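Have a look at it with me before reading on.

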Amino acid sequence: SENYNKYWRAQNSELIIPSTEYKNKLNSFVLPKDGDYSFEVYYSIQDLVNLGVIISGASLVCVLLILAWSLKKK
């Protein structure tokens, strides 16, 4: 349901396979050899979103601590 995007990855404990374009429209993953595989397919940009959530949460905690400290001081 989505067009090709180079940031999709298929990953297991041994391999990370980047997405390749198939018929100018779809994401495709080329496996190195025949066999049975189990992969997790994920959007690699999501790692940056997760980092942003951590940074935002830490910033919020810092601001709340500074606010509480300044109110206690008065």
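I read along the sequence and found the pattern β-β-β-β-β-α, that is, one helix and five strands in the protein chain. I took helices (H or I, at least four residues) and strands (E, at least two) as DSSP runs, numbered from the N terminus. The model is predicted, so I note that local features need pLDDT of at least 70, side-chain atom pairs count only at pLDDT 80 or more, and totals for chains, interfaces and linings use all residues. Residues are numbered from 1 along each chain as its sequence is written, and side-chain values use heavy atoms, with hydrogens and water left out.

Next I looked up the sheet. Three strands form an open, antiparallel sheet in the order S2-S1-S5; strands pair if DSSP finds at least two bridges between them. Strands S2 (16-18) and S5 (40-43) stand at the edges with a single partner strand each, so one side of each is left without a neighbour in the sheet. I found four bridges joining S1 (residues 8-11) to S5, and Ala10 has Val41 in S5 as its bridge partner.

Then I turned to the helix. Leu71 sits in H1 (residues 46-73), and I list this residue as exposed because its relative accessibility is 56%. My cut-offs were under 20% relative accessible area for buried, over 50% for exposed, and partly exposed in between (1.4 Å probe, protein chains only).

Last came the whole chain. Buried residues make up 5% of the 74 residues. The C-alpha atoms fill a box of roughly 70 × 30 × 15 Å, taken along the principal axes.
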